[in-house]
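The sequence and the structure are shown first, and a short account of selected features follows.

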Amino acid sequence: QISILGVNVNCYEISGFDILGKVIAVNGKFPGPPINVTTNNYVVVNVKNKLDEDLLMTWAGVYQRKSSWQDGVLGTNCPIPPKWNWTYNFQVKDQIGSFFYFPSINFQRASGGFGAFIINNRPIIPIPFTQPDGDIVLLIGDWYTRNHTALRKTLDGGKGLGMPDGVLINGKGPYRYNDTLVPDGIDYEKITVHPGEHLSCSISPSLFIGTIHCWNMELPQDDSLLMFLLHWTGKTYRLRVHNVGISTSLNFRIQNHNLLLAETEGSYTVQQNYTSLDIHVGQSYSFLVTMDQNASSDYYIVASARFKNQTAWRRVTGVAILHYTNSKGKASGPLPPPPQDEFDKSFSMNQARSIRWNVTASGARPNPQGSFRYGSINVTDIYVLQNKPPVKIDGKHRGTLNGIAFENPATPIRLADAYRVKKPYKLNFPHRPTTGAPRYETSVINGTYRGFFEIILQNNETKVITYHLDGYAVFVVG
C-alpha cells in the first residue's frame, strides 16, 4: 500500500505565553498533522518549502533501508530551497511504533515544524496488549519566544540559550494552575476521554443477606462478587508522548493516574507502571492509561524540567488538562510533585535501567522481537564517542565529538558517492577522544557492511545529552 501526504511548510503567527510569536507550521497546523501508516507501507511525502530559507524534513527512527538519501539530513540530502518542493519516497519496512518528524537544519525545530509519525502493526500481527479505546498524541517540549533565527544567532555568537520561556504541550501553553505564574487568557491543551462503564449498585441493609441490584439484574450476593461489582471498569487509552524540544529533559506525569509503559520508539517493552517518567530530548514513549478515577474534577497533565532548581524553573512547566466526559469540576490545587533530586541523577538512571525489552512479543513480524541472538554478536569495531561542552571554533559556539565539530560538505555524502565527487569527506573519524584544539572537519566513521559496532558514549558535560543514530536500532548493554 502507498500512503501519500502533501506537506506545505510555512510561518504563522500564534498567541502563546501572552505574546505573539512566529512558528513553523505544517499544512497550516502547529504542531503538524500526524503521519499515520502501517508496517511495510510505501510513504510518499511531497514537501513544499514556503519558508524564506532552506529546509529539510527528517523522520528520526525510521530505518531507511537502502534509501538513506530519503532521510532528510545534510549528510544525504540537498536542502530544499525556498519556493521549491521535494518528494520523499520510502518504505517503512519491518517497523512499528511511535516516532516524530521535524526540520533537521537551521535550528528550525526550535520554531516548530514537527509532528507525530505513527507506524501501526499489520492486522495479522497481534499487539501485546488489549486494543486501546483511543490513541492520543502528546508532543511536549521546551519553548523560546525568540524564533529559530534569533536563537541561531545567539549560538553563533558564542552564547548559550539560557532558560526557556516555557514548555508547550501540543503547541499550547500551560493551564492556569497558578494565578501568579500563569497569566490569564493562554490557550491550553485539553484531552477529553470517556471514563467507560462503572457499576452503580444498591445493597440491601444486611451485608450478607439479600441481593445486589445492578442494571436491572438480580445477582446472589457474596463477598467476592461484591468486591468485583464495585470496581470501576475505566476505558484505556494509548498515549504517545514525544519530547520534541531542543535542550530540556522533562518529567511527564498525570495526576492520580498510572502510566503503564508499553512501547518506545519501535520496540514493545515489558509493561511496567510508573507514576512519572523522565523523557529526554528526542525520546518517544507509549503509555497505556486507564481512566479509572472518579470524575469529581479534571486532572492535571504535567511536563516539567528535570535536573533544575524547581523554584527558579517553576515557570518552565507545561500543564494540560485530562477531562472526563462526566467531570464535575475544574482541576485545582497544587500540581503532582516531580522527583525531588535536582543534584542526584540516580532516580532517573534507575528508572531508565528498569525499562526492559519485551522479547516474547511480536514486533513488525510474527516472530518475537528477541529472537535474534544478541549475546553471540561478533563485535567488529569499537568507538568511544566523547562529547564536551560547546566551545568557540572560528568564532562560533560549537559542540564536538572526539574533538571534531562536523562540517557539512558542499555535496551530500551519498550524492558524492553516487557521482564520484572527489574528497568531499574523510574516512578518518578517530576511535578514541583526541587531544589538541577542537576543529571543524568532514570526518566520517569508516564502517564495514554487516559489521557490528560497540559504541561507548562518554558525556563530559554537566547536563543530559541525547544521542541518536540515524537509521539504526540501538541496544544498551552497559
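Glu 53 is buried, its relative accessible area being 13%. The model described here is a predicted one. Within it, Glu 53 is the salt-bridge partner of Arg 152, with 3.3 Å between the closest N and O atoms. Arg 152 belongs to helix α1 (residues 148–156), while Glu 53 sits in the loop between β4 (42–49) and β5 (57–60), so this pair ties together parts that lie 99 residues apart in sequence. Arg 152 itself is partly exposed, with a relative accessible area of 25%. In total, the structure holds 12 salt bridges.

Another of these bridges joins Arg 240 to Asp 135, and the closest N and O atoms are 2.9 Å apart. Because Arg 240 lies in strand β15 and Asp 135 in strand β9 (residues 134–143), the pair connects parts separated by 105 residues in sequence. Arg 240 is buried at a relative accessible area of 2%, whereas Asp 135, at 42%, counts as partly exposed.

## A buried pair and a network

Asp 278 and Arg 306 meet through their side chains in a salt bridge of 2.7 Å, taken from N to O. The two residues are 28 positions apart and link distant parts of the chain: Asp 278 is in strand β19 (residues 276–279), and Arg 306 is in the loop between β21 (299–305) and β22 (317–324). Asp 278 is buried, with a relative accessible area of 3%. Arg 306 counts as buried too, at 2% relative accessibility.

Salt bridges with shared partners also join Arg 176, Asp 179 and Asp 184 into one network.

## Aromatic residues

The structure holds 16 aromatic pairs. In one of them, the ring centres of Phe 90 and Phe 117 are 6.4 Å apart and the ring planes stand at 25 degrees; the angle is under 30 degrees, so the pair is stacked. Phe 90 is part of strand β6 (residues 85–91) and Phe 117 of strand β8 (residues 115–120), so the pair ties together parts 27 residues apart in sequence. Both Phe 90 and Phe 117 are buried.

Phe 90 and Phe 117 also belong to one aromatic cluster, together with Trp 59, Trp 86, Tyr 88 and Tyr 101. A charged residue accompanies another ring: Arg 109 lies over the face of Phe 102, at 4.4 Å from the ring centre.

Glu 189 is located in the loop between β10 (166–169) and β11 (190–193). Is Glu 189 buried or exposed? With a relative accessibility of 12%, Glu 189 counts as buried.

The side chain of Glu 189 makes a polar contact of 2.9 Å with the side chain of Asn 170. Leaving aside residues up to four places away in sequence, Glu 189 touches Ile 169, Asn 170, Lys 172, Gly 173, Ala 320 and Ile 321.

## Confidence of the prediction

The protein chain has an average pLDDT of 86, and 88% of the residues score at least 70.

Methods
Residues numbered from 1 in each chain as written. Predicted model: local features only at pLDDT ≥ 70, side-chain atom pairs only at ≥ 80, totals over all residues. Heavy atoms only, no water. pLDDT = per-residue confidence, 0-100. Helix = DSSP H or I, 4+ residues; strand = E, 2+ residues; numbered from the N terminus. Buried < 20%, exposed > 50% of the residue type's maximum accessible area, 1.4 Å probe, protein only. Polar contact = N/O pair within 3.5 Å; in protein donor to acceptor, adjacent residues only side chain to side chain. Contact = heavy atoms within 4.5 Å. Phe/Tyr/Trp six-rings, centres within 6.5 Å; stacked < 30°, edge-to-face > 60°. Lys NZ or Arg CZ within 6 Å of the ring centre and 35° of its normal. Salt bridge = Lys/Arg side-chain N within 4 Å of Asp/Glu carboxyl O.
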